[in-house]
Amino acid sequence: MTDQIRQLVGLVERVLGDRLVGAYLHGSAVLGGLRPASDIDVLVVAARSLTGRERRLLLDGLLATSGSVNRARPIELTVVVATEVRPWRYPPTVDFQYGEWRRAAYLSGAVPQPETMVDLALVVAAARAGDHPLAGPPPARLLAAVPTADVVRASVAGVPGLLDDLDGDTRNVLLTLARVWFTVTTGAVRAKDVAADWALARLPPEHRPVLAHARRLYLDRRYEQERWSETLRAQIRPHVHEVLGHIGRAVGRGSFPAADGGAVALWPSISGQYNVELNAGSPDSPPVPPPG
């Protein structure tokens, strides 16, 4: 456990006291090791919803310890109420979420409040799979299993936001799209570089350089060191179109049908941005088991 993680756990323990039920490390730290630009991702399970005072104390502590302004790794802290994640229901509700991408809003007075968060399906699934408690019992004792259909649906639901961030967060968008493709095909969630390796083996040669470069940046470079040549930049949108086509094909195949229409119902609004149909893209191989 790093000093920053110990500091974070201490903050959560001080603020929540005996209302802290469990805290679980997930994300890069568990899936394959922290990379130069990786966040520290922690899921906290609380016995009840946070009070206004607890939200303010937690937010102030995070603002003082997270991100480059504090010469530290960014922290993404997600707090859920135990009864919201066991038994599982979709869409799930998050009680408090902190992320550095919202720092400006926090400094302007915003305080995280309870909200529906489809991404919580991925967070809970990752925390259960990572099995890395920082406090409390093993995650499987507190967190209900997330149906594969909900993991797939949450992955697809995040695509519009990814497309909006393509120019400003290129490496992460490309790697996350590769992971969405991996997840809708296999039903599993893996580290970004693992999903990129899987996707690179399935992409036509002309669409590999962009993802290969994003993978190298992820493994070796901080954000301020990120560079894209004009040649690679010209290939980004054709690459995204190709990957969206593969995602659409996997969604259309319906390997993991979800309730309420599932991922198929989400796809039309997503594909319209790139004119990608459910059966678009180069032919995919049948679903394969995830590595490991």
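Predicted model: local features only at pLDDT ≥ 70, side-chain atom pairs only at ≥ 80, totals over all residues.

Me: Why is Pro112 called buried?

Reply: Buried means under 20% relative accessible area, exposed over 50% and partly exposed in between, with a 1.4 Å probe and protein chains only. Pro112 has 5% relative accessibility, and therefore counts as buried. Pro112 is found in the loop between helix H5 (103–107) and strand E6 (115–116); helices (H or I, at least four residues) and strands (E, at least two) are DSSP runs, numbered from the N terminus.

Me: Which residues is Pro112 in contact with, leaving aside its neighbours within four places in sequence?

Reply: Contact means heavy atoms within 4.5 Å. By that rule, Pro112 touches Arg55, Leu59, Asp95, Phe96, Gln97 and Tyr106.

Me: What makes strand E3 (residues 75–81) largely enclosed?

Reply: Seven of its seven residues are buried, so E3 is largely enclosed by the rest of the structure. Ile75, Leu77, Val79 and Val81 are buried on one side, and Glu76, Thr78 and Val80 on the other. In a regular strand the side chains alternate between the two faces of the sheet.

Me: How do you know that E3 pairs with strand E2 (residues 40–46)?

Reply: Two strands pair if DSSP finds at least two bridges between them. Seven bridges join E2 to E3, and these strands run parallel. Three bridges join E3 to strand E5 (residues 96–98), and that pair is antiparallel.

Me: What makes the rings of Phe182 and Trp198 an edge-to-face pair?

Reply: Rings of Phe, Tyr and Trp (its six-membered ring) pair if their centres lie within 6.5 Å; planes under 30 degrees apart count as stacked, over 60 as edge-to-face and the rest as tilted. The centres of Phe182 and Trp198 are 5.3 Å apart and the planes lie at 85 degrees, so the pair is edge-to-face. Phe182 lies in helix H10 and Trp198 in helix H11, so the pair ties together parts 16 residues apart in sequence.

Me: Why do Phe182 and Trp198 count as buried?

Reply: Phe182 is buried because its relative accessible area is 0%. Trp198 counts as buried because its relative accessibility is 8%.

How values were computed
Residues numbered from 1 in each chain as written. Heavy atoms only, no water.
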